[in-house]
Amino acid sequence: MIIGYARVSTDDQSLDGQLDALKAAGAERIFADKITGTARSRPELDRLLDQLRQGDVITVTKYDRLARSLRDLLDIVDTIQAHGAGFRSLAEDIDTTTPAGRLVFHVFASIAQFERERISERTKEGLEAARKRGRVGGRPPALSAAQKAEVRRMRDEELRPLPEIAQLFRVSAKTVRRA
């Protein structure tokens, strides 16, 4: 049986494109999760793996829908193969039911992991270079140094309620607490 698996990271995203592609590929059953790929426990994926039988082929639109790390991907595909089933990715044209497909799968998975690590390295390098030039990332502070001093004075010396101070400065009570 061809079994489809679809996943999106957030509730805002739509599964429609993946579901259509899986149906077009002949998927008789489709399991779908709306959860980040980094979460190891994905209810529908776990259900799919529990119901897997010899000869089934798990099909995904792209292999990153199944896992976000090389280790995770290899572990899941090992589990699939331990059940006597195969794995197929439509976008990368990978089919582990053949020896050539298994080779291509391992090469693609390694390249994808390498690229994710390079992106992470480049991001860290860029942030470090910006810090050296005096640029600080992130959201600008809600209060200036003078405003923070005034908030602390009102909070600590005048003992005014946090919601009142927050309303005066148009910030949250949490911001007032942290000032």
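**View 1. Gly4 stands opposite Ile30 in S2.** Six bridges join S1 to S2, and the two strands run parallel. Strands pair here if DSSP finds at least two bridges between them. Helices (H or I, at least four residues) and strands (E, at least two) are DSSP runs, numbered from the N terminus. The model is predicted: local features need pLDDT of at least 70, side-chain atom pairs count only at pLDDT 80 or more, and totals for chains, interfaces and linings use all residues. Residues are numbered from 1 along each chain as its sequence is written, and side-chain values use heavy atoms, with hydrogens and water left out.

**View 2. Five strands form an open sheet.** The order is S2-S1-S3-S4-S5, with mixed pairing. Strand S2 (29-34) and strand S5 (94-95) are the edge strands; each pairs on one side only. Helix H1 (residues 16-24) packs on the sheet and touches S1, S2 and S3. The direction of H1 makes about 170° with that of S1. Axes are lines fitted to C-alpha atoms, for helices over the stretch in contact; angles run from 0 to 180 degrees between N-to-C directions. Strand S1 (residues 2-8) also runs parallel to strand S3 (residues 57-60), joined by three bridges. Ile3 has Ile58 as its bridge partner in S3. Six of the seven residues of S1 are buried, so the strand is largely enclosed by the rest of the structure. Buried means under 20% relative accessible area, exposed over 50%, and partly exposed in between (1.4 Å probe, protein chains only).

**View 3. Phe87 and Phe105 form an aromatic pair.** The structure holds one such pair. A pair of aromatic rings is described by the distance of the centres and the angle of the planes. Here the centres are 5.7 Å apart and the planes make 70°, an edge-to-face arrangement. Rings of Phe, Tyr and Trp (its six-membered ring) pair if their centres lie within 6.5 Å; planes under 30 degrees apart count as stacked, over 60 as edge-to-face and the rest as tilted. Phe87 lies in strand S4 (residues 86-89) and Phe105 in helix H4 (residues 99-132), so the pair ties together parts that are 18 residues apart in sequence.

**View 4. The largest nonpolar core has 24 residues.** A nonpolar core is a set of buried Ala, Val, Leu, Ile, Met, Phe, Trp, Tyr and Cys residues joined through side-chain atoms within 4.5 Å. Leu48, Leu52, Leu66, Leu73, Ile80 and Phe87 have the most contacts inside it. S1, helix H2 (43-51), S3, helix H3 (70-82) and H4 each give two or more residues to this core. H3 gives the most, with six. Apart from this core lies another, of ten residues, among them Leu143, Leu162, Val176 and Ala179. In soluble globular proteins, nonpolar side chains tend to be buried together.

**View 5. Leu66 and its contacts.** Contact means heavy atoms within 4.5 Å. Neighbours within four places in sequence are left aside. Leu66 is then in contact with Tyr5, Arg42, Leu45, Val60, Asp72, Leu73, Ile76, Ile80 and Phe87.

**View 6. Asp93 and Leu159 are two residues with positive phi.** Most residues other than glycine have a negative phi. Asp93 has a phi of about 55° although it is not a glycine. Asp93 sits in the loop between S4 and S5 and is exposed, with a relative accessible area of 66%. Leu159, also not a glycine, has a positive phi of about 55°. Leu159 lies in the loop between helix H5 (145-156) and helix H6 (162-169). Leu159 is exposed, with a relative accessible area of 66%.

**View 7. Val171 lies in the loop between H6 and helix H7 (173-178).** Val171 counts as buried, at 16% relative accessibility. Leaving aside neighbours within four places in sequence, Val171 is in contact with Ala142, Leu143, Ala166 and Val176. Val171 and Leu143 are 28 residues apart in sequence and 8.3 Å apart in space, C-alpha to C-alpha.

**View 8. The chain is assigned domain 1 (2-97) and domain 2 (145-178).** These bounds come from an automatic or database domain assignment. The domain centres, taken over C-alpha atoms, are separated by 50 Å. Gly134 is found in the loop between H4 and H5. Gly134 is exposed, with a relative accessible area of 56%. The C-alpha atoms of Gly134 and Phe114 are separated by 30 Å, the two residues being 20 residues apart along the chain.
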